[in-house]
Structures are given as structure tokens and as C-alpha cells.
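Here are my notes for a colleague who is opening this entry for the first time.

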Amino acid sequence: MPANPLSAPRPPSAVLTIDGPSGSGKGTISRLVAEKLGWHLLDSGALYRAVGYAASMEGIDLSDAEAVTRCAESTKIRFRDENGETRVIVNGHDASDDIRTETCGAAASAIAAIPNVRTALLEKQRSFRKAPGLVADGRDMGTVIFPDAGLKVFLTASADERARRRYKQLKDKGLSVTLHALLREIQARDTRDAERAVAPLKPANDAVLIDSTGLGIELVVAKVLALLPAH
Ligand SMILES: Nc1ncnc2c1ncn2[C@@H]1O[C@H](COP(=O)(O)OP(=O)(O)O)[C@@H](O)[C@H]1O
Ligand SMILES: Nc1ccn([C@H]2C[C@H](O)[C@@H](COP(=O)(O)OP(=O)(O)O)O2)c(=O)n1
């Protein structure tokens with residue numbers, strides 16, 4: 001008797017992972033590639049930022065692993081599309097702007113080193129994998145969350161260039177920052193993210209490295225699209 005095609009297990013949807021350090025352009029490139037492909041998008045850093053933000057708002061000591069883990073387990077995080085932008089809703093409050101500060105980035109990096117916090121966010125991240133495909137941006141998308149992804153990109157740029165990009169981005173938002181302080185923060189975050197024991201920032205063995213220093217956004221998008229296997 002022929003197998004019933006309806007009961008056959010469906011192959012998992014396609015995933016493209018884009019990992020890399022702060023300011024390498026992961027978020028920008030992931031969003032543009034996802035738009036071109038019509039795929040879903042996972043900004044995993046926003047989840048860690050949301051937990052760092054919620055913990056700070058609740059006055060939790062970020063080095064108290066148990067309290068931060070409880071916070072990660074109980075914080076409700078939703079993404080909502082609004083006028084072509086993705087808003088991040090944390091416990092019912094629109095925290096999209098609050099979570100983008102460098103202070104919140106540092107808080108996210110600190111709580112992301114707690115193994116149980118990562119476990120608390122694991123299934124939520126995997127639930128973004130849906131047809132026709134997913135572009136997932138973060139630090140461990142290719143190594144831990146989607147190890148079977150069809151294409152893994154590790155996006156880098158020199159620390160100086162990443163600091164300059166972040167400086168321009170924050171200045172354009174009207175925030176008061178200095179290039180020197182941003183460079184120090186980026187270097188401190190690189191070190192903490194790369195040296196933590198669990199799911200450190202590093203390229204997967206099968207990742208394609210793209211150094212975007214001196215490359216414009218459209219060129220990087222084109223490079224990523226050219227790497228995609230037929231899907
Ligand atoms: N290849 C590039 N060339 C110039 N600027 C870039 C490039 N990629 C990203 N940017 C800019 O750098 C800033 C940081 O990019 P973002 O996507 O937020 O990085 P990440 O998500 O890796 O932290 C943004 O203002 C973005 O427009
Ligand atoms: N998959 C991820 C994503 C982010 N993190 C942590 C480590 C990062 O320093 C913070 C913030 O990540 P995010 O990608 O939003 O930061 P940048 O946009 O690269 O500056 O969260 C992580 O540990 N694992």
C-alpha cells in the first residue's frame with residue numbers, strides 16, 4: 001500500500017543563521033535578506049535585551065543567576081509589526097527604544113552568560129522556525145539553536161568600524177555618545193560574549209565568514225543571497 005503523504009513527516013523549514021559581534025550588521029542584513037526572501041525573522045538579541053531590561057526594571061541584581069533565571073522564565077516577550085517596524089513588547093509594555101541602549105546591551109550580555117537563562121529562551125527561539133523559512137540573527141544561532149541550518153553566516157567587521165557604525169546609529173537617534181566610550185563597550189562585550197562558558201560567540205565549523213569592513217550594506221546582502229542554496 002502506498003504511504004499516505006499526509007502522514008509523512010514534513011522536512012523542517014529552511015533556516016539561514018547570521019551570527020556575529022555587536023555592530024557587525026547582523027540585524028540590518030538579516031532584516032533585508034528576510035524581506036527579499038519573504039522569510040520570517042528572529043532577532044534573538046532582542047530576547048536577551050528584553051530579559052536584561054525586565055530584570056533591571058524589577059531591581060534584580062544581574063549577577064544573581066537564580067533571580068535572573070526566574071525573570072527570564074516569567075517575562076512575556078512579543079514582537080509586533082507596526083508601520084514596517086518590529087516593536088518589542090515586554091510584559092505588555094512597548095520597550096522597543098529602551099532595549100536598544102548600550103546600557104541594555106551590556107545588561108543583555110551579562111545575563112546571557114547564565115546557562116539557565118539561555119535554556120529558558122531556547123524553545124521560544126526555535127518556535128520561530130516556520131515555512132517558508134527563517135533568518136535568525138544572534139551569537140549562537142548556527143552553533144546551538146539551529147545547528148542544522150542550510151546556510152550559516154558569521155558576519156564580522158573591525159572593532160573600529162563597528163564602533164563608528166554604532167556611533168552614527170545612536171547619534172542619528174539623538175543620543176549623546178562618544179566614539180571612544182562605544183569602542184570600549186564594544187570590546188568589553190566582544191570579550192564577555194566570546195569567553196563565556198556556554199554558547200560563546202564563535203563561528204560554527206560550517207559557517208561562511210563575511211568581513212563587512214568597508215563593504216556597503218547592499219553588497220553584504222548580495223553576498224549572503226548568493227550563498228543561499230536553491231530552496
Ligand atoms: N555593511 C555596512 N556598512 C555600513 N554600515 C552598516 C553596515 N551594516 C550595518 N551598518 C549599520 O551599522 C549599524 C549597526 O548595525 P546592526 O545591524 O544594528 O548591527 P548588529 O545587529 O550586528 O549589532 C546600523 O546603523 C547599520 O545601518
Ligand atoms: N543569540 C544571542 C543573541 C544575543 N546574545 C547576548 C549577547 C549580546 O551582547 C547581547 C545583545 O545582543 P544583540 O544582538 O541585540 O546586540 P548587538 O545588536 O549585536 O549589539 O545579547 C546572546 O548571548 N545570544
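This is a predicted model: local features need pLDDT of at least 70, side-chain atom pairs count only at pLDDT 80 or more; totals for chains, interfaces and linings use all residues.

1. Helices (H or I, at least four residues) and strands (E, at least two) are taken as DSSP runs and numbered from the N terminus. On that basis the chain is 50% helix and 18% strand over residues 17-227, and the C-alpha atoms at the ends of that stretch are 12 Å apart.

2. Residues are numbered from 1 along each chain as its sequence is written, and chains are lettered from A and ligands numbered from 1 in the order in which they are written.

3. The chain has 9 helices and 8 strands. Its radius of gyration (taken over C-alpha atoms) is 18 Å, close to the 17 Å that the globule rule (2.2 Å times the number of residues to the power 0.38) gives for 231 residues, so the chain is as compact as a globular protein of that length. Along its principal axes the C-alpha trace spans about 65 × 40 × 40 Å.

4. Helix α3 (residues 65-74) packs against helix α5 (residues 115-126) at an angle of about 10 degrees, with the axes 8 Å apart; axes are lines fitted to C-alpha atoms, for helices over the stretch in contact, and angles run from 0 to 180 degrees between N-to-C directions. That makes α3 roughly parallel to α5 (angles under 35 degrees). From α3, A65, V68, T69, A72 and E73 meet N116, V117, A120 and L121 of α5, contact meaning C-beta atoms, placed from the backbone, within 7 Å.

5. Around ligand 1 there are 16 residues, of which G25, G27, T28, R165 and Q169 come nearest; a residue is near a molecule if its C-beta atom, placed from the backbone, lies within 6 Å of it. Helices α1 (26-37), α7 (159-172) and α9 (217-227) each supply at least two residues of this shell.

6. Ligand 2 is surrounded by 15 residues, the closest being S22, G45, S109, A112 and G138. Two or more residues of the shell come from each of α2 (44-57), α4 (102-111) and α8 (179-195), and α2 gives the most, with 4 residues.

Conventions. Angles under 35 degrees count as roughly parallel, over 145 as roughly antiparallel, 65 to 115 as roughly perpendicular and the rest as oblique. Two residues are in contact if their C-beta atoms, placed from the backbone, lie within 7 Å.
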